[in-house]
Amino acid sequence: MPSMIQLRHVVKIFGDEPRGEALNMLKAGYSKDEIQEHTGHVVGVDDADFDVEAGEIFVVMGLSGSGKSTLIRCVNRLVEPTAGEVIVDGIDVTALEPRQLQEFRRNKTGMVFQHFGLFPHQSVLSNVAFGLKVKGVPIDERRRTAEETLSLVGLSGYENSFPSQLSGGMQQRVGLARALASNPDILLMDEAFSALDPLIRRQMQDELLSIQAGLKERNTILFITHDLNEALRVGTRVCIMKDGAIHQIGTPEDILLRPGTDYVAEFVQDVDQGRVLLIASVSEPATAVESSASVAAALDAMARSGSKVVHVVDSGARPIGIVTQHEARAAQTQGTQDLDSLIQQTPNVTNDMILAKVYQLCEKGLPLSVVDTNGALVGSVRPLEILAELGRVESISERLELAKSQAATEGDN
Ligand SMILES: Nc1ncnc2c1ncn2[C@@H]1O[C@H](COP(=O)(O)OP(=O)(O)OP(=O)(O)O)[C@@H](O)[C@H]1O
Ligand SMILES: [Mg+2]
């Protein structure tokens, strides 16, 4: 596959004289801390040198301050690199004059921010059409494109709403739609989903993946996160940064099975122990009806959401149990409208529970009710999802063990 983004020895040093002693010290191998202590300059990015292929979701991961935002901003020169070259689709971005740079940003890149960055006094439609307006696209066309893009992110019908009337997840969708509307070659997403609660966040990840899968020409996406779960879920490849330097770039599997440095191995350790996989990562929106509802109403609710079960809750939204579509249909055929007799009990879990600890609860094969701290229903988890996730982790750990023992044997020879 052709490279969409090429970074050639990109360095960013913050300070008054970035190209002076600080750069020399960096080249001589001094650490970020040493350079800061000695020169007062801060190393943002230390020799980033890699290609991002067209159509991939390239995830940049690392702790706070590791240089993720600085790196991504070097790509569209929101941050001016101190040294090195950035080439996007054959264009040497580092050499562009201000005017050309503006054109480049408009036509080639889209950015999705952590805190949505929407215009509060403009409608959803205007927000999404904004980039097209700047590009000088005629009004009819930009309206049509904005509507299409809103439908792509599942927000048809909200064109005339204002951002404040939408939930966080919906606002994030608007942000995504705005970036997608101008059909940029590359999408820069800096912690775009971090402000969302876990459930919505997972939906957005799915949304992103399904949008990508549905496109003829996939966007090339630079995606920043400090959540390993998210990185492994959405990343074609994952890049791990620390102190501005890149420790490893590889497929999620590479990173897990063949950690390149001790630092990366620490992350892997987390997955190895299943510590990072929480209920939140598999929780889905629940279809729910109150216990006073009829069987027909329950069937209706399932038909609307496409779910095969409905959670039955009391008037305080607390789960009582679930009714399956199968049983509800059978009851309806027999002329029963009483939902109570069909309710099966199922355990409650919370979003912060670890999958490995709840999998026994899946024994009955029924979905679990996810509740918040007040005991109110906030989601639903299918046992298959839990087992699949655990299976994945277990098989990864198994392979990890195998890889370790092979490495040990090789070491003996
Ligand atoms: N404008 C700036 N001036 C000086 N130093 C900066 C500036 N921007 C970033 N830095 C420094 O560069 C380093 C990398 O910062 P960056 O914002 O890229 O980290 P990050 O990985 O995006 O962190 P976070 O997860 O908190 O967003 C940090 O040490 C930071 O202090
Ligand atoms: Mg950042």
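**Exercise 1.** Which strand and which helix each supply at least two residues of the shell around ligand 1?

*Solution.* This is a predicted model, in which local features need pLDDT of at least 70, side-chain atom pairs count only at pLDDT 80 or more, and totals for chains, interfaces and linings use all residues. Residues are numbered from 1 along each chain as its sequence is written, and chains are lettered from A and ligands numbered from 1 in the order in which they are written.

Step 1. List the shell, taking a residue as near if its C-beta atom, placed from the backbone, lies within 6 Å of the molecule. Among its residues are Phe14, Val42, Gly44, Lys68, Ser69, Thr70 and His226.

Step 2. Assign elements, which are DSSP runs numbered from the N terminus (helices H or I, at least four residues; strands E, at least two). Strand 2 (42–53) and helix 3 (68–75) each supply at least two residues. Helix 3 gives the largest share, three residues.

**Exercise 2.** Describe how strand 12 pairs with strand 13 and where strand 13 stands in the sheet.

*Solution.* Step 1. Strands pair if DSSP finds at least two bridges between them. Strand 12 (residues 309–313) and strand 13 are joined by five bridges and run antiparallel.

Step 2. Within this pair, valine 310 is opposite valine 323 of strand 13.

Step 3. The open sheet has three strands in the order 11-12-13, with mixed pairing. Strand 11 (288–290) and strand 13 (319–324) are at the edges with a single partner strand each, so one side of each has no neighbour in the sheet.
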